[in-house]
Every structure is written in C-alpha cells, then in structure tokens.
Amino acid sequence: MITRTITIKIPSGLEARPVAMLVQVASQYESMILIESQDKKINAKSIMGMMSLGLTVGEELTVIADGHDETEAVSHIERYLSEN
C-alpha cells in the first residue's frame with residue numbers, strides 16, 4: 001500500500017472535466033485507489049464520488065493505492081494533478 005499527499009495545481013481545481021480525466025487516469029490501473037480529503041475517502045474511479053469532493057487549486061489530498069501497479073498509479077495521478 002502506498003500513501004502520498006499531493007497539492008492540486010490544476011488552475012480550475014477538480015471540476016467536471018478535470019475529474020473525468022482523473023477518473024480515466026485511475027481507471028487505467030488494477031489497484032484499488034482512494035482519494036482522501038476532508039475526512040472522506042472516495043474511490044478514485046468513481047466520477048460521482050470524486051465530484052462530491054469539490055476540490056480547488058492549492059488544496060491537498062491524499063492518494064492511497066493498493067495493488068500490484070500501485071506505484072505507477074500514484075505517480076501517474078501525481079503527475080496529472082501537479083503538472084496541469
């Protein structure tokens with residue numbers, strides 16, 4: 001299991017389109033991937049769950065991944081959230 005805290009750098013935060021892209025990134029991996037924020041843990045592969053977080057630029061979230069491709073999954077999610 002890997003846990004990593006990431007700061008959102010996407011200018012618009014996690015609104016509809018960036019959330020859809022994040023769910024697509026997470027769905028590429030077999031690992032279970034959770035996003036933790038504000039005492040909530042949400043399945044990163046659930047678009048409705050991710051939309052419910054309402055995260056904005058500059059906020060921190062924690063990515064938790066567990067599975068054989070967990071390292072790649074967390075790294076890809078971090079790149080997506082940090083480079084946009």
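View 1. Glu60 has a relative accessibility of 52%, so it counts as exposed (exposed is over 50% relative accessible area, buried is under 20%, and partly exposed lies in between, with a 1.4 Å probe and protein chains only). Keep in mind that this is a predicted model: local features need pLDDT of at least 70, side-chain atom pairs count only at pLDDT 80 or more, and totals for chains, interfaces and linings use all residues. Residues are numbered from 1 along each chain as its sequence is written, and side-chain values use heavy atoms, with hydrogens and water left out.

**View 2. The surroundings of Glu60.** Which residues does Glu60 touch, once its neighbours within four places in sequence are set aside? The list is Thr5, Ile6, Thr7 and Ser37 (contact means heavy atoms within 4.5 Å). Ile8 sits 52 residues away from Glu60 in sequence, yet their C-alpha atoms are 6.2 Å apart.

View 3. Glu60 belongs to strand S4, which covers residues 60-66 and is mostly covered, with five of its seven residues buried. Strands here are DSSP runs of E with at least two residues, helices are runs of H or I with at least four, and both are numbered from the N terminus. S4 pairs with strand S1 (residues 2-7) in the antiparallel sense over six bridges; two strands pair if DSSP finds at least two bridges between them. Within that pairing, look for Ile2, whose bridge partner in S4 is Ala65. S4 also pairs with strand S2 (residues 32-37), again antiparallel, over five bridges. Here Leu34 stands opposite Ile64 of S4.

**View 4. Stepping back to the whole fold.** The protein has three helices and four strands, and along the sequence they run β-α-β-β-α-β-α. Its radius of gyration is 11 Å, close to the 12 Å that the globule rule gives for 84 residues, so the protein is as compact as a globular protein of that length. That radius is taken over C-alpha atoms, and the rule is 2.2 Å times the number of residues to the power 0.38. The C-alpha trace spans about 30 × 25 × 20 Å along its principal axes. Buried residues account for 44% of the 84. Of the contacts between residues at least 6 apart in sequence, 69% join residues at least 24 apart.
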